[in-house]
Amino acid sequence: MVRSRAIRTLVTLFFVIIFMACSKQKKERVINFPKTDLSLENFIPKPLQVIPSNNGFALDKYTAIYTSKNIEGYEDVGKFLAKKIKAKTDLDLQVNVNDLPNIETVIYINQSDSLNVEGLEAYELHITQDSIILNSNTAAGSFRGIQTLRQIIPEVSNDTLIARTKIWTIPTGKIIDNPQFEYRGSMLDVARHFFSVEDVKKYIDILAYYKYNVLHLHLTDDQGWRLEIKSWPKLTEIGGSTEVGGESGGFYTQEDYAEIIDYAAMHHITVIPEIDMPGHTNAASVSYPFLNGNGRKLELYQGTEVGFSTFDTRKDTVYTFIDDVIREIAALTPGPYIHIGGDESHATKKSDYIYFVNKVEKIVQKYNKRMIGWDEVATADIDSTSIAQFWASKKNAQAAVDKGMKIIMSPAKKAYLDMKYDTLSKHGLHWAAYIPVDTAYIWTPESYEGIPIKNILGLEAPLWSETISNIEELEYLAFPRAIGYSELSWTTQENRDWENYKVRLANQTPFLDRMNVKYYPSKLIDWKKNKNKYKKIDKD
Ligand code: TNX
């Protein structure tokens, strides 16, 4: 298998070289590239190793893309790259089309088992004057690699060489890259305020550009149940009908959810659905009152208090209900995880809470998924295969370590996207901290609160939505901080430096502006204003 792949690679490379030699004979272009330096590019997250060779690769209408063909996912990655190049430059690059006339340069996306670094998402880019060869073990690795490539295709502007020549110069050199953590996520709370499929897709677009690989959806809470469950339809009919502030809420049909999953999969992003319980369950209990365990009168809730609701953890029918919900969600979700919440169950007795988490873990496992829960779940008698998401309690995180569990790092004081930047922030809360852009970046998830790195699965930045109700407000809180978290989870500690990062961050504006992302323009950053004027000039 490995040998036949290697042979295939060699044969393809051979053809690429012959092909390029022939095209050279056809036509020799003389391009005077400005001197480049790959190591000075504004990559985020910063790659493991960048070795510049100070020349230029001409990306233009004479460029074509080729990919490994018989290995699942590679051609899709090639097509994805072509689409993004079209959006940025208006060039129409062909993918895996043979016998193209006038091709001068090629981008070759290649499966290879002989990389300098191991890892499912590792990749290497070899950029020379004539070719860009992207090698990776897996299609996911090649997908991360093309994000790096996207980041070094210059943005257009009217006074550059590009506008006159329609050549985008890509600096030559070599990049060897591999993420530090296998889990690099962000969470969207679609329960407190509902966000449309289109909003979620836009969030995925940006996350993918910065090499995130997980989107956690907080689908249920006191204020709303947002995913259709066919066996319990009132969950969305009643429980999905409102949201914080009293607006009309909303929910994803199972088709909508499948659309999000597919879109995420195209971006090599795993979706993790969260059904928060036994607390945070008012919307479920209003829909089906037998679930309720707090003895209080049930009504739809549009406020922002936490900790008042609980399931009746000693009733068998509650577990029949949960079994149905988990069964349906597991069937809809290709990823390996289901998140059961488990946070802030202040209305649940401690012994009931432990009984509940133990039972729900078994249900999740019955449907062949791994359970994730907020750090409180580590107080139950759960397996080392389950995962704790550290948000507040060092003691709970230590309990998870003692059980040999993996931990997702989301400390509220550092990684909560819903915390205000400072006292003047338009949106957000500040119960954990104010988190300006530098504070969000300058900390070490690798050793935070003494949690050993071997227990750390990765990092996740949750965005709770009590104070935000549309995509602009979402973007205000998420960006630019989520960009920094991508670097904290991908790049090793030795490779991170605030002074260096903040310059690279300042240079994200052409991308963020083009994507119409309404980021918070923190004064700590000297934002580069570089409006895209190319199309306008072209018409003149
Ligand atoms: C705590 S973090 C919560 C959420 C809130 C958030 C607001 C966690 C597991 N629970 O219910 O939305 O604070 O910052």
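Buried means under 20% relative accessible area, exposed means over 50%, and partly exposed lies in between, using a 1.4 Å probe and protein chains only. Keep that scale in mind for the tour. The model is predicted: local features need pLDDT of at least 70, side-chain atom pairs count only at pLDDT 80 or more, and totals for chains, interfaces and linings use all residues. Residues are numbered from 1 along each chain as its sequence is written, and side-chain values use heavy atoms, leaving out hydrogens and water.

**Stop 1: S469**

Select S469. Its relative accessibility is 30%, so S469 counts as partly exposed. S469 sits in the loop between β16 (456–463) and α14 (471–478). Helices (H or I, at least four residues) and strands (E, at least two) are DSSP runs, numbered from the N terminus. Now show the contacts, meaning heavy atoms within 4.5 Å. Leaving out residues up to four places away in sequence, S469 touches H193, F195 and E247. Then select N96. From S469 to N96 is 373 residues in sequence and 43 Å in space, C-alpha to C-alpha.

**Stop 2: helix α9**

Select residues 316–332, which form helix α9. The expected span of a helix is 1.5 Å times one less than its number of residues. Which residues of α9 are buried? They are V318, Y319, F321, I322, D323, D324, V325, I326, E328, I329 and A330. Color what covers them: this includes β10 (224–225), α6 (234–237), α7 (254–266), β11 (270–277), β12 (337–341) and α10 (350–366).

**Stop 3: two pockets**

Rolling a probe the size of a water molecule over the atoms shows where empty space is left. Here a pocket is an open set of points on a 1 Å grid over the protein atoms alone, where a 1.4 Å probe fits, with protein on both sides within 12 Å along at least five of seven lines; lining residues have an atom within 4 Å of a point. Grid points are joined across faces, edges and corners, and a volume is the space filled by probe spheres set on the points.

The largest pocket has a volume of about 740 Å³. It is lined by 28 residues, and the closest to its centre are E121, A140, R144, H268 and T270. Select those five residues. Next show α2 (74–89), α3 (139–151) and α7, each of which supplies at least two lining residues. The largest share, five residues, comes from α2. The lining divides into 14 nonpolar, eight polar and six charged residues. In this count Ala, Val, Leu, Ile, Met, Phe, Trp, Tyr, Cys and Pro are nonpolar, Asp, Glu, Lys and Arg are charged, and the others, Gly among them, are polar.

Move to the second largest pocket, with a volume of about 580 Å³. Of its 26 lining residues, E41, I152, I153, P154 and E155 lie nearest the centre. Two or more lining residues come from each of α4 (161–165), β6 (168–177) and α17 (509–514).

**Stop 4**

Most residues other than glycine have a negative phi, and most peptide bonds are trans. Select I44 and P45: a cis peptide bond joins them, with omega about -5°. P45 is in the loop between α1 (2–26) and β1 (49–59). Another cis bond joins M277 and P278, with omega about 0°.

P278 lies in the loop between β11 and α8 (282–287). H280 is in the loop between β11 and α8 too. The phi of H280 is positive, near 60°. Its relative accessibility is 3%, so H280 is buried.

**Stop 5: salt bridges**

A salt bridge is a side-chain nitrogen of Lys or Arg within 4 Å of a carboxyl oxygen of Asp or Glu. How many does the structure hold? There are 25 salt bridges.

Select E75 and K79, whose closest N and O atoms are 3.7 Å apart. They are four residues apart in helix α2, so about one helical turn separates them.

Next, select E446 and R496, which meet in a salt bridge of 2.8 Å, N to O. The pair links distant parts of the chain, 50 residues apart. E446 is buried, at 8%, and R496 is buried, at 11%.

Finish with D189, R192, D221 and E466, which are linked in a network of salt bridges.
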